[in-house]
Amino acid sequence: MTEKINQIEIGNLKIGGDTSMPFFEEKFTKPAIAMEVYDPKPKTLPKELEKISSNPIKWAMYCKEKGADIISLKLKALREKTIQEEAELVKQIAEQTKLPLIITGCGDEEKDAELFTKISDMGGKFIIGNAEQEKYKKIAAIAIAYNHQLVALSNIDINIEKQLNILLTELGMKKENIIIDPLTGALGYGLEYTYSIIERTKLEALQGDKMLQMPILCDLSKIWEIRETKEGIQERNAAWETTAALSCIAAGVSIITMRDPSAMQKVKKIISELQ
Amino acid sequence: MNTLEIYSKLPKKNCGECGVATCLAFAMKLAQKKEDSKKCPYISEENKKTLTEQSTTPIKKINIGKYEIGDETVMFRHEKKFYNKPIIAIMIEDNDPELEQKIKKINKTSFERIGEKLEIEMIAIKASEKEKFKQATQKIISLTTKEIMLIGNPEQLKEAIMFCSDRKPLLCSANLSNIEEVAGIAKNLPIVATAQNLEETKKLTKALENKGAINIIIEIKNHNTKQALRDLFAVRNRAIKGEKELGYPTIIFTDKEKELEEAALFITKYAQIIVLQEINENTLMPLLTLRQSIYSDPQKPIQIQPGIYEINNPDKNSTAYLTTNFSLTYFTVTADIQNTGQPGHLLVIDTEGMSVLTALAAGKLEIEKIAKAIKESRLEEKTKNKKIIIPGMMAALSGELEEKTGWQIIVGPSDSSELSEFTK
């Protein structure tokens, strides 16, 4: 029996299921692209998003128009808005875009737990994040209770990556509901560390390590925090993100989270040609 | 081959003339690829050939001007490392009216990153016809010191080489119908071997070797990105598995419509020469950065030079910070200090490339050492007040450090991403 990466369903999408490393014998498992939507909007944005990003719902619809497979909703406003308001926002975005959502909170375990509970009570299945080695119990409990999928975030360390999956499954999380986020360093600031962690993870997974067979997500957002992109040269920023995305594709990831719609379209086009 | 198999090929005289006392010891070193069988004066030609073959790396090392490519041994960089970064070339047609401007632009395109100069290494000149080709070659070699690749038929190549043989150009290309001609023209120069598929390629490389043209680069035909990656993967994989006829560096020409996307994939996956057409700093900067990243040694954390780094143009009133010389740490902290919007002096301490946490655990951040670093850097001359912010994780050292140095030690946040809040 061939070992493979877990295949999971996100809305109508199927991700993962790889039976080999990318390009080996021409095999290639198509990754999905998630587009970021923040509330409130971050400092560095592609020009085309500057106006629209003040309204998360409009931003999400724009991403859908541009071809996003998933919306990665990053709710950082829990210091300014109420849980109710944020939950409403999620509901609106889910209903209007009809796209699968990855939802991450502000990082405060208590607040996030409240938020995810509220969102879950409104109905619907999501990918929630992030569970981390030091704080995973509350979020995992909610994922288990409502049968959500869960993003498990580690810090560019394959041992912690595996350990976290063990902790989550011991708690009762189904391994098929876990997505690995190895933490993606920005291109020029450690991307290659993540790149090799991904290749190592996949090789181990394909050799039968069940605690590493989860699909991998690369969140490229760190690119937007570095000196090079802060200079604001649009074409270069898009190229920076495209280049990073492609190296992650070469490593064999299942989901890529991007910000720039023009970069995303270039990446989607290549992905369709690689199938 | 294992030690005993190698030993069986040696004369067993134990003469010591190779520099090693016994043939068995010599065989052991050969097995570890730490010795050269050519050093044995009594070995037969046949055995010497066998031993030389077994000691070469799966992907042959080829010199292109002052660069080395190939010498690769693994499928995945984490298994060991990728040894020689791929050459990036820009292709220019001999009748391009903007030829001179393009060369000048290529010459100027250069970025510095982690103490390394990132640039384009090679210019590929494509022939339209003999005279133009000659003129273009002459013009280009007078305008640049970059490596040269000549793309044309044997007749065109023959003419152009006359003007630039001392530049040791890469010749593109030989195929199954012109082996003899091109090998004759090339002599020792490196040659691109072009065939329709990998099976034909094997015939071609074998024939070229037989003609004495041993510096071969295999062209991967780019019908589409998917097929190109399949073939790049196959050459590396099969060469490692022992198919010597595929054991050469690869060259690939990108599709102009998707240069950035293809170059990123080919840099990551097994191409040793990548030929682009566009000279665009906005796409070249991330590509060259990717190349530097993928080809860095995964066993060694990249270190940066210890010392004082100035961020946002600091003056004597600016804040001083301290961190370690692990490159990832340095870049993260620099970015975070920049994000505070305020200028700062960042003192980077030599911890042999370890991050703050690792260095603390490994005892690389001793009070004495930090005090010495502060003193020797002469940070005191750059700041008015002797105040320095240290990483939150080093909090336990603050008291002693203050005593030892006479500086006011401020314990910063545990994560430098919080510096914006901290410095408000």
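Three salt bridges cross the interface of chain B and chain A. The structure is a predicted model. One of these bridges pairs A:Glu273 with B:Lys258, with 2.6 Å between the closest N and O atoms. Four elements of chain B each give two or more residues to the side that touches chain A. They are α9 (225-240), α10 (259-268), α11 (281-294) and α12 (327-339). The most comes from α11(B), with nine residues. By class, this side of chain B holds 17 nonpolar, 13 polar and seven charged residues.

The interface can also be described by residue count and by area. In chain B, 37 residues are in contact with 37 residues of chain A. The two chains bury about 3,600 Å² between them. Carbon and sulfur atoms account for 66% of that area. B:Lys226, B:Glu261 and B:Asn282 supply 17% of the area that chain B buries against chain A. Between the chains, nine residue pairs are in polar contact, with both residues at pLDDT 80 or more.

Over all chains, the search finds 44 salt bridges. A:Glu228 and B:Arg113 form one of them, with the closest N and O atoms 2.8 Å apart. A:Glu228 belongs to helix α7 (residues 227-230) of chain A and B:Arg113 to strand β4 (residues 110-113) of chain B, so this pair joins two chains. Both A:Glu228 and B:Arg113 are buried.

Other salt bridges lie within a chain. In chain B, the side chains of B:Lys60 and B:Glu209 meet at 3.1 Å, N to O. B:Lys60 sits in the loop between α3 (45-55) and β1 (62-64), and B:Glu209 in helix α8 (residues 198-210), so the bridge ties together parts that are 149 residues apart in sequence. B:Lys60 has 22% relative accessibility and therefore counts as partly exposed. B:Glu209, at 27%, also counts as partly exposed.

B:Glu100 is partly exposed, with a relative accessible area of 31%. B:Lys104 is partly exposed at 46% relative accessibility.

In chain A, salt bridges also form a network. A:Glu36, A:Lys74, A:Asp219 and A:Arg259 are its linked residues.

How values were computed:
Residues numbered from 1 in each chain as written. Chains lettered and ligands numbered in written order. Predicted model: local features only at pLDDT ≥ 70, side-chain atom pairs only at ≥ 80, totals over all residues. Heavy atoms only, no water. Contact = heavy atoms within 4.5 Å. Buried area = accessible area lost by both parts, 1.4 Å probe. Salt bridge = Lys/Arg side-chain N within 4 Å of Asp/Glu carboxyl O. Polar contact = N/O pair within 3.5 Å; in protein donor to acceptor, adjacent residues only side chain to side chain. Nonpolar A, V, L, I, M, F, W, Y, C, P; charged D, E, K, R; others polar. Buried < 20%, exposed > 50% of the residue type's maximum accessible area, 1.4 Å probe, protein only.
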